[in-house]
Amino acid sequence: MWRFFAAPATLLILLALLAVALVLSTLIPQIPSDVSANPQYWLALQPELVSPTNDLAQALGLYGIYNAFWFRLLLVLTGLALFVWAVESAELAWWASRGRWTPSTLALWGSHPLRYRLPVSRAPALIEGQLGECLAGCGYQTAEVARSHGIATTPNWVASRSSALLWGRPLAFAGLLLALLGLAVTAIWGWQSSQWQPAVGERLAVGHGTGYTIRLDAFEPLTGGEGQPDGGQYQSQITWLTGDQPVGQDLVGVGRPATRTGLAARQVGYVPDVTLRGVDQAGKPVLFQPGGVTSKATEQVNLAFGSSETQQVVVLPDQGFFLLLDLEPASGGDDPLLRLALLRSAEAEQQPLAVLRQSGAVSFDGFSLEVDLGYRPVLQVDYRPGTTLVVAGIVLAVVGLALGWLAGSRLVWIAVAPDQDRATVYLLALGGAGESGWFSRLVAQLQEELTDVA
Amino acid sequence: MLPEAWALAAAALLLAAAAVVEAAALAAGPKGVGRWRLPGLALIAAAAVALVVALALTVAAQQAWSPFDLQQTAIALAAATLVIYLALAVGLRVGGEGLPAGLVSLVVLALTLFGLLAVGSGGSAPDILQRGLAVQVQWACFVLGSGGTVVAGCAGLALAVRAGLIGRGRELAWPRRADLHHLLSRAEVLAAVALAAGLAVGTWWAWQAAGSPGTGDPRTAWLAAAWLVTLMVVWTYRLGERSGRWAAGLSVVAAALAVTGLLAVTDLRLVLGL
């Protein structure tokens with residue numbers, strides 16, 4: 001099993017499959033998280049490739065690749081391969097930093113090291129000294145390989161240059177492994193609340209055994225004009241409660257979550273919010289019934305337009321007609337546009353009442369309505385225990401790769417074998433980042449020096 | 001014509017001239033290649049300056065650098081590719097003059113023409129989550145990394161052309177195989193580092209802002225795939241003697257993924273009806 005994961009082809013194939021999965025996830029529509037409760041309806045709207053009638057797509061989970069069993073298996077196998085590579089490269093770096101090599105450590109150089117055979121027309125004893133001088137002249141440090149007891153072996157050396165930088169390799173592998181572990185930890189123990197669009201004063205019980213409740217105290221745009229966020233910065237003030245007892249207050253902004261014992265409250269957006277109140281011909285407050293006849297009628301109604309909502313209907317139960325509110329989202333720096341229309345029960349045609357970009361009053365048939373246009377935050381609470389591991393892992397991988405880029409380390413295993421009255425020098429190189437030019441240059445230099453000696 | 005269009009047109013002419021000079025250098029054979037080296041590099045350097053000027057003018061016209069403006073991204077990628085090539089070939093003396101320089105000129109010429117003729121300036125306005133400094137840094141790293149993959153891809157393509165044509169017909173000034181591999185590996189590791197840095201910054205920001213490891217931008221997934229393929233190139237050394245062909249082939253794949261990811265994913269999805 002160890003050999004399987006240590007084989008270069010294994011890791012390369014796993015990385016290739018991951019790359020293919022990433023590309024596929026952008027070409028095949030992926031099920032959004034907000035419809036995961038009822039995916040069949042969403043699937044029915046998709047192209048043939050992912051529709052419920054496509055059994056293969058269903059079986060492979062192509063509509064949710066990141067949650068598919070085969071993708072997770074791929075991540076697990078990649079993690080195992082990275083672990084094996086991290087251990088092997090760390091062992092190699094350890095031996096290189098100690099400079100004490102044994103014949104068994106040659107196995108760490110992989111099954112396909114770069115190799116060269118250099119015949120020299122002199123006896124081994126005569127060329128050993130010259131070989132050492134030549135390597136020292138090229139900036140290499142040489143260490144003799146310890147010979148096994150009772151076994152007569154030919155002289156072996158390991159020549160190294162910048163061997164400390166070999167630690168960059170295990171660092172890169174360990175970093176990637178750490179990032180994968182972080183993703184796994186987050187997937188297993190992490191959770192995320194559905195998006196919450198509170199009015200000021202509303203509360204959300206966080207749940208998941210935390211005992212916390214969050215209350216929205218205020219929402220304010222920071223840079224928008226005329227009270228509209230207008231795509232600028234905005235922030236919410238929240239209070240953390242346990243039961244009814246406040247335990248802390250925080251400001252939540254874009255990219256500035258409020259955290260408490262591992263929980264994070266994030267500001268992920270905002271939505272337009274319309275408040276209606278008014279009086280009739282007699283000066284009595286008008287009753288509003290939002291969202292159909294099942295809801296309770298109130299003297300003031302507060303309507304939040306979700307990101308995909310553009311129309312809301314309010315019933316005026318005592319009057320027997322409906323108010324239609326059409327919202328055109330903000331675009332190009334303009335404020336959202338609210339169109340108010342009246343729909344009488346007995347008539348099919350709408351009667352336009354007003355077009356508003358800001359709060360204002362609307363009068364019709366003796367009624368006087370006040371319309372307040374405002375905004376609500378979209379908040380989300382989540383617990384992501386593996387975040388730090390993921391980012392730290394990628395940073396470690398960057399550092400490891402950068403170390404290898406700045407100055408590649410070089411390791412050459414040299415064996416001098418007697419061949420009657422001549423010798424053959426065997427050279428094995430640990431390749432680095434696909435670069436073998438230095439090895440060719442070293443071989444050429446050794447060939448020249450040893451030929452001169454001969 | 002707008003000032004940035006003039007700068008782009010100048011860059012395109014300089015790149016076309018550089019490609020012609022590099023072709024002449026290749027045809028001159030091993031003995032005559034020397035006299036073409038300096039003019040070729042000078043033309044590429046001048047084109048890089050023209051592209052940087054074009055990028056600055058485009059940014060000034062739009063009043064901000066935006067990774068969501070396809071024209072700015074194409075010009076930035078073209079400029080980054082040339083700067084990386086010059087830094088490696090001249091600054092670090094990695095080698096790779098001649099054929100790879102000609103291929104780099106041609107690819108960057110295509111990117112320049114894409115920025116000049118195929119796309120207009122502007123693009124969708126970034127929302128508040130996309131306007132943070134972290135997003136700017138992320139995409140700067142992505143452009144740099146993609147430039148690295150393009151240089152490595154050109155070196156890989158040069159290796160393939162060299163392997164296919166060397167020894168046939170008249171003697172050309174083929175670059176040394178070791179030099180091409182050196183250029184390929186240096187550019188690919190630079191790309192791997194830059195793309196990983198972009199992914200790290202992007203992941204951190206997505207987590208801060210949205211509580212998820214990604215923002216759902218399909219371009220990021222393509223660039224992550226390009227990063228995985230660059231890692232494959234970097235680690236093909238474990239394949240020993242067989243690594244050269246794999247590295248060359250994979251470097252071309254990584255470059256294709258990076259360029260498509262940066263410039264064409266949205267259109268590709270539209271073409272496929274997604």
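Start with the contacts of chain A: among those between residues at least 6 apart in sequence, 60% join residues at least 24 apart. Two residues are in contact here if their C-beta atoms, placed from the backbone, lie within 7 Å. The model is predicted: local features need pLDDT of at least 70, side-chain atom pairs count only at pLDDT 80 or more, and totals for chains, interfaces and linings use all residues. Residues are numbered from 1 along each chain as its sequence is written, while chains are lettered from A and ligands numbered from 1 in the order in which they are written.

**Chain A**

Colour chain A by secondary structure. You get 9 helices and 20 strands. Both are DSSP runs numbered from the N terminus: helices are H or I with at least four residues, strands E with at least two. Of the 454 residues in chain A, 34% are buried. Buried means 20 or more other C-beta atoms within 10 Å of the residue's own, exposed means 12 or fewer, and partly exposed is in between; C-beta atoms are placed from the backbone.

Select A361(A). This residue sits in strand β17, residues 360–364 of chain A. Is A361(A) buried or exposed? A361(A) has 11 other C-beta atoms within 10 Å, so it is exposed. Leaving aside neighbours within four places in sequence, its contacts are S368(A), L369(A) and E370(A).

Go to D365(A), in the loop between β17 and β18 (367–383). Check the backbone: phi is near 50°, a positive value in a residue other than glycine. Most residues other than glycine have a negative phi. D365(A) is exposed, with 12 other C-beta atoms within 10 Å.

Jump to H208(A), in the loop between β5 (203–205) and β6 (212–221) of chain A. Phi of H208(A) is near 55°, again positive in a residue other than glycine. H208(A) has 13 C-beta neighbours inside 10 Å, so it counts as partly exposed.

**The cores**

Switch to chain B. Select A47(B), L51(B), L195(B), A196(B), A225(B) and V229(B): within the largest nonpolar core, of 170 residues, these touch the most other members. Helix α7 of chain B (residues 177–210) gives the most to this core, 22 residues. A nonpolar core is a set of buried Ala, Val, Leu, Ile, Met, Phe, Trp, Tyr and Cys residues joined through C-beta atoms within 7 Å.

Centre on L195(B). Beyond its neighbours within four places in sequence, its contacts include C141(B), F142(B), L223(B) and W227(B). Another core lies apart from the largest one; its 19 residues include F288(A), F305(A), V315(A) and V371(A).

**Helix α7(B) and its partners**

Show α4(B), residues 70–91, with α7(B). They pack at about 130°, axes 11 Å apart. Axes are lines fitted to C-alpha atoms, for helices over the stretch in contact, and angles run from 0 to 180 degrees between N-to-C directions. The two helices are therefore oblique to each other. Angles under 35 degrees count as roughly parallel, over 145 as roughly antiparallel, 65 to 115 as roughly perpendicular and the rest as oblique. I84(B), L88(B) and A89(B) in α4(B) meet L183(B), R186(B), A187(B) and L190(B) in α7(B).

Finish on α9(B), residues 243–263. Its angle with α7(B) is about 50°, with axes 11 Å apart. So α7(B) is oblique to α9(B).
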